[in-house]
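Subject: Structure handover

Hello,

Here is the structure I promised you. Please open it next to this email and follow along.

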Amino acid sequence: MIIAAIDPGTKESALVILDSENEEISFHEKILNEILLQNLWGGPWILKPEILVIEVIRGFGISAGETIFETCELIGLFRATFRFKGMNEVRVGRKDVVNHFCGHTKGGDPAIREALIHRFGEPGTKKNKGK
């Protein structure tokens with residue numbers, strides 16, 4: 001199954017395309033949100049994802065600024081686009097992401113990065129594409 005996973009941000013979002021059967025990452029990059037939305041609406045996908053996994057914002061009693069609400073609106077646009085195209089989606093909260101990769105909910109970005117490197121190997125470069 002081809003999975004598109006999005007970690008949304010206010011100006012750009014991280015996109016990963018994963019072949020879950022082979023556990024192979026075919027694409028990973030931060031992309032400007034406007035370009036990502038254009039691709040979701042019919043741009044030149046190399047692999048057509050069958051499912052969207054998107055990190056969503058959950059309220060845990062923290063104060064929220066304008067950028068949080070902008071990101072929430074963007075998440076809605078991503079989700080609506082996939083629904084319009086008849087694709088399935090899975091919403092995951094940040095703690096779910098950390099728990100999945102680290103086995104607990106107390107880690108942050110460095111712990112997730114370490115778990116991903118352990119699972120998939122070092123990230124590639126232009127000269128050495130990595131796994």
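Helices (H or I, at least four residues) and strands (E, at least two) are DSSP runs, numbered from the N terminus. This is a predicted model, in which local features need pLDDT of at least 70, side-chain atom pairs count only at pLDDT 80 or more, and totals for chains, interfaces and linings use all residues. Residues are numbered from 1 along each chain as its sequence is written, and side-chain values use heavy atoms, with hydrogens and water left out.

The overall layout

The chain has four helices and five strands. Their order from the N terminus is β-β-β-α-β-α-β-α-α. The chain is 131 residues long, and 29% of them count as buried. Buried means under 20% relative accessible area, exposed means over 50%, and partly exposed is in between (1.4 Å probe, protein chains only).

Now contacts, meaning heavy atoms within 4.5 Å. Take the contacts with a separation of 6 or more: 52% of them are between residues 24 or more positions apart.

The core

A nonpolar core is a set of buried Ala, Val, Leu, Ile, Met, Phe, Trp, Tyr and Cys residues joined through side-chain atoms within 4.5 Å. The largest one here has 16 residues. Ile6, Leu15, Leu36, Leu40, Ile54 and Phe78 have the most contacts inside it. Two or more residues each come from strand 1 (2-7), strand 2 (12-19), helix 1 (33-40), strand 4 (51-56) and helix 2 (66-84). Helix 2 gives the largest share, four residues.

What does Phe78 contact, leaving aside its neighbours within four places in sequence? Its partners are Ile6, Pro8, Ser13, Asn33, Leu36, Leu37, Leu40, Leu52 and Ile54.

Thr71 also sits in helix 2. Thr71 counts as buried because its relative accessibility is 7%. Beyond its neighbours within four places in sequence, Thr71 is in contact with Pro8, Gly9, Thr10 and Ile57.

The second largest pocket

On a 1 Å grid over the protein atoms alone, a pocket is an open set of points where a 1.4 Å probe fits, with protein on both sides within 12 Å along at least five of seven lines; lining residues have an atom within 4 Å of a point. The second largest pocket has a volume of about 390 Å³. That volume is the space filled by probe spheres set on the points, which are joined across faces, edges and corners.

The lining has 23 residues, and Glu55, Val56, Ile57, Arg58 and Arg94 lie nearest the centre. Strand 4, helix 2 and helix 3 (94-102) each supply at least two lining residues. Helix 2 gives the most, with five. By type, the lining has 11 nonpolar, seven polar and five charged residues. Ala, Val, Leu, Ile, Met, Phe, Trp, Tyr, Cys and Pro count as nonpolar, Asp, Glu, Lys and Arg as charged, and the others, Gly among them, as polar.

Two residues to look at

Asn88 is in strand 5 (residues 88-93). Asn88 counts as exposed because its relative accessible area is 51%. Its C-alpha atom is 4.8 Å from that of Ile51, 37 residues away along the chain.

Glu23 lies in the loop between strand 2 and strand 3 (24-32). Glu23 is not a glycine, yet has a positive phi of about 50°. Glu23 is partly exposed, at 32% relative accessible area.

Best wishes
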